[in-house]
Amino acid sequence: MAANYWESSQFQRFLLTRFELAEIEKMHMTQLTANELAYLKIYFTNLIALVGKRLHVRQEIIATATVYFKRFYINNTFYDIDPYLMTTTCMYLACKVEECPHNIKQVWNESKIVFSGKYIFAKNGFWRFIKFGVVDVSSEIRFPYDVPDVAECESYLLEEMKFYLVVYHPYQVLIDIHEQANMPKASLQAAWSIINDSFKTDMVFVYPPHVIAIAALFLSRVVDQGNQSDVEAQQWYADLNVDVTDVLQVVNELLAVYEVWTGYVDEKMPDMVSRYIADIAASC
């Protein structure tokens with residue numbers, strides 16, 4: 001295991017340039033608009049988060065599962081392996097890697113509950129429970145898989161990632177900066193939520209964790225000004241010795257996803273996923 005991010009496989013093998021990422025997205029956009037592609041990222045990030053919350057795992061584990069999901073579909077499509085099966089598999093593997101193992105049957109069962117349509121992701125950022133017989137927002141989600149299918153899918157996921165499983169996240173960087181700068185708790189909480197939202201984009205492939213963490217802190221000052229004066233804040237950011245251009249680029253990408261999110265409708269996503277897979281199949 002690498003001692004730090006700069007020596008890790010995440011930096012050496014999985015970091016992409018903006019141009020490389022744009023070329024990958026072009027491949028998907030032959031069947032999808034830019035907004036639809038953004039909606040799919042939001043949708044599956046939300047599903048992974050809900051499975052993780054039902055398993056009561058840490059946010060870092062949810063983030064690791066999300067990164068695994070993204071890594072697999074860099075070189076593969078939803079037609080190659082069902083994304084709902086991959087969602088379950090990524091959570092199962094992330095729990096093991098992050099030393100919080102859950103029985104494979106439990107992960108499979110909790111995923112089935114999530115996919116059954118009893119929950120939707122409300123625009124206020126919280127999952128709502130939908131009672132049986134009242135609303136079935138995910139009635140078109142088919143999950144005809146059993147535990148052995150998850151185990152088999154895990155082998156494909158491991159092979160695709162070449163067994164490079166360690167993922168560095170912005171959360172620890174955020175905590176370190178928060179402690180060193182003695183920032184208010186409200187700023188920490190706001191920045192933490194913004195980092196959660198960053199996984200709805202692909203910026204994890206382009207920017208190091210510390211850049212995302214600093215961008216989240218920057219945005220958190222919009223949400224909560226904290227107790228630092230503007231002069232103190234400017235000096236603090238200057239002392240961090242980071243590329244401000246990268247930080248501002250992350251901020252702009254986050255603001256862009258928030259804008260796209262306003263048009264996101266959870267109930268429409270299962271049909272969009274099915275249509276997307278059918279379009280890929282027709283083009284093969």
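1. Glu25 is partly exposed, because its relative accessibility is 22% and the buried class ends under 20%. The model in which this residue is described is a predicted one. Glu25 forms a salt bridge with Lys41, and the closest N and O atoms of the two are 2.5 Å apart. This pair joins distant parts of the chain, since Glu25 belongs to helix 2 and Lys41 to helix 3, 16 residues apart. Lys41 counts as buried, at 18% relative accessibility.

2. The structure holds eleven salt bridges.

3. Glu23 is partly exposed, with a relative accessible area of 36%. Lys26 counts as exposed at 52% relative accessibility, because the exposed class begins over 50%.

4. Another salt bridge is formed by the side chains of Asp197 and Lys200, at 3.7 Å from N to O. Asp197 is buried, its relative accessible area being 14%. Lys200 likewise counts as buried, with 6% relative accessibility.

5. Ser198 is found in helix 9, which covers residues 185-198. This serine counts as buried, at 4% relative accessibility. When neighbours within four places in sequence are left aside, the contacts of Ser198 are Met203, Ile212 and Leu254.

6. The packing of helices deserves a separate point. Two packed helices are described by the angle between their axes and the distance between the axes. Helix 3 (residues 34-54) and helix 5 (residues 83-97) pack at an angle of about 45°, and their axes are 10 Å apart. The two helices are therefore oblique to each other. The crossing of helix 3 and helix 5 is right-handed.

7. Which residues of helix 3 and helix 5 meet? On the side of helix 3 they are Tyr43, Phe44, Leu47, Ile48, Val51 and Gly52, and on the side of helix 5 they are Pro83, Tyr84, Thr87 and Met91. The residues of this contact divide into eight nonpolar, two polar and no charged.

Note on methods: Residues numbered from 1 in each chain as written. Predicted model: local features only at pLDDT ≥ 70, side-chain atom pairs only at ≥ 80, totals over all residues. Heavy atoms only, no water. Axes fitted to C-alpha atoms, helices over the stretch in contact; angles between N-to-C directions. Helix = DSSP H or I, 4+ residues; strand = E, 2+ residues; numbered from the N terminus. Parallel < 35°, antiparallel > 145°, perpendicular 65-115°, else oblique. Left-handed = near helix turned anticlockwise from the far one by under 90°. Contact = heavy atoms within 4.5 Å. Nonpolar A, V, L, I, M, F, W, Y, C, P; charged D, E, K, R; others polar. Buried < 20%, exposed > 50% of the residue type's maximum accessible area, 1.4 Å probe, protein only. Salt bridge = Lys/Arg side-chain N within 4 Å of Asp/Glu carboxyl O.
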